[in-house]
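Hi,

Here's the structure I promised to pass along.

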Number of protein chains: 2
Amino acid sequence: MDYIKVPHLIEEKSFEIITEELGNKTFPEEIGRIIKRVIHTTADFQYADILVISPDAVESAKEALRRGVNIVTDTQMAKAGINKTKLGELGGDVHCYISDVDVAKRAKEKGITRAMVSMEKAIENEKNQIFVIGNAPTALFELKRFIEEKKIQPALVVGVPVGFVGAAESKEEFKHLNVPYIITRGRKGGSTVGAAIINALLYML
Amino acid sequence: MDYIKVPHLIEEKSFEIITEELGNKTFPEEIGRIIKRVIHTTADFQYADILVISPDAVESAKEALRRGVNIVTDTQMAKAGINKTKLGELGGDVHCYISDVDVAKRAKEKGITRAMVSMEKAIENEKNQIFVIGNAPTALFELKRFIEEKKIQPALVVGVPVGFVGAAESKEEFKHLNVPYIITRGRKGGSTVGAAIINALLYML
């Protein structure tokens with residue numbers, strides 16, 4: 001069986017195919033890199049139409065990543081997918097509190113999601129992080145509340161929860177907030193999508 | 001902002017919506033559970049058409065999981081997404097060797113992917129594991145070779161690498177092998193899809 005085994009050739013060829021199949025759809029350089037990396041991760045060209053990137057998102061994220069910003073995720077999967085070597089070289093780290101014992105305990109007591117409590121915990125010490133929400137609309141609703149209450153001023157919110165209950169609504173809300181955001185319209189998204197967006201930003205630096 | 005915050009209600013409601021939107025498409029009970037959990041994870045109904053499940057896959061996997069089979073993944077993301085609490089209660093564990101220093105070293109020496117070397121390492125001691133390939137076609141090609149050379153006899157291969165170079169071909173190959181498999185046709189798949197399939201199987205027990 002003959003097949004390409006050299007890692008960087010596989011990735012190069014993949015991006016060539018994606019660019020070719022996008023055809024007439026072209027984007028500003030950095031926006032295109034984000035969109036193509038998400039398509040690379042999902043093999044789903046619909047992301048070219050449903051990703052929404054606020055005008056200040058790329059510059060704000062790059063500035064923050066350069067100064068070693070920390071990233072908070074709502075899932076261990078998103079954390080696992082982010083290139084922590086590259087992030088670490090810049091001085092940043094990824095935190096995910098969803099599996100913490102105190103988070104589970106408090107969520108059970110209050111009858112709310114662990115994702116919501118994990119966001120409460122995340123903002124205790126830092127106001128200006130990057131947030132990546134790939135799974136839980138409830139986490140995104142909480143972030144919205146924190147922003148409105150001026151408890152946080154994120155460098156970027158990647159709001160791409162996937163799902164059927166609350167996901168689309170939670171993302172639309174972000175368009176009305178004065179924060180840099182990258183979201184998806186509708187139901188699609190996920191932890192892999194969130195991680196791909198962060199990695200695309202990291203690879204710009 | 002009023003939204004559902006109770007975890008099990010969110011999941012129940014999601015599966016209701018998925019079942020409703022699948023409409024006339026119905027499946028045998030356990031097959032349906034796998035398909036719906038993948039749609040729940042991706043919000044992509046195309047998976048109802050592209051998932052291919054060998055007739056022996058569900059029973060073989062359940063039997064293996066019940067006796068505490070170990071699971072090998074090609075990515076840390078797939079490992080992160082599998083319900084390790086539930087798996088651990090049954091006596092099983094998840095292994096992923098992709099980030100191991102010796103794997104990286106050997107891959108570099110040979111000019112092949114770390115995913116290929118991680119599969120070599122995975123089969124050193126165990127023949128009858130469950131494999132979950134969500135990212136690397138090269139890992140799936142390696143597994144095919146091991147099976148043909150009778151080095152392994154997996155309880156199940158979840159072969160759902162996503163991508164543009166080799167992914168579709170690597171999955172098609174599995175239809176001709178005499179092993180229990182769950183694959184996707186075409187380019188789509190991914191670590192979240194692989195983890196969702198395993199979790200659907202775990203929740204049957």
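How far is the sulfur of Cys96(B) from the closest cysteine sulfur, and in which residue is that sulfur? The distance is 17 Å and the partner is Cys96(A), too far for a bond. Seen from the other chain, Cys96(A) likewise has Cys96(B) as its closest cysteine sulfur, at 17 Å. A search of the whole structure turns up zero disulfides over all chains, a disulfide being a pair of cysteine sulfur atoms within 2.5 Å. Cys96(A) is buried, at 9% relative accessible area, and Cys96(B) is buried with 9% relative accessibility. (Buried is under 20% relative accessible area, exposed over 50%, partly exposed in between, with a 1.4 Å probe and protein chains only.)

Before the rest, some housekeeping. This is a predicted model, so local features need pLDDT of at least 70 and side-chain atom pairs count only at pLDDT 80 or more, while totals for chains, interfaces and linings use all residues. Residues are numbered from 1 along each chain as its sequence is written, chains are lettered from A and ligands numbered from 1 in the order in which they are written, and side-chain values use heavy atoms, with hydrogens and water left out.

On to chain A and its sheet. Six strands form an open, mixed sheet in the order S1-S6-S5-S4-S2-S3. Its edges are S1 (51–53) and S3 (94–95), each pairing on one side only. Inside the sheet, S4(A) (residues 130–133) runs parallel to S5(A) (residues 156–159), with four bridges joining them, and Ile130(A) sits opposite Leu156(A). Pairing here takes at least two DSSP bridges between two strands; helices (H or I, at least four residues) and strands (E, at least two) are DSSP runs, numbered from the N terminus.

In chain B, have a look at H4(B), residues 57–66: seven of its ten residues are buried, so the helix is largely enclosed by the rest of the structure. Among the buried ones are Ala57(B), Val58(B), Lys62(B) and Leu65(B). After the helix comes Gly68(B), with a positive phi near 80°.

Last one: Ser191(B), which belongs to H11(B) (residues 191–202). Ser191(B) is buried at 6% relative accessibility. Its side chain makes a 3.0 Å polar contact with that of Thr75(B); a polar contact is a pair of N or O atoms within 3.5 Å, where within protein one must be able to donate a hydrogen and the other to accept it, and residues adjacent in sequence count only if both atoms are side-chain atoms. Leaving out residues up to four places away in sequence, Ser191(B) touches Met77(A), Thr75(B), Met77(B), Ala78(B) and Gly134(B), with contact meaning heavy atoms within 4.5 Å.

Cheers
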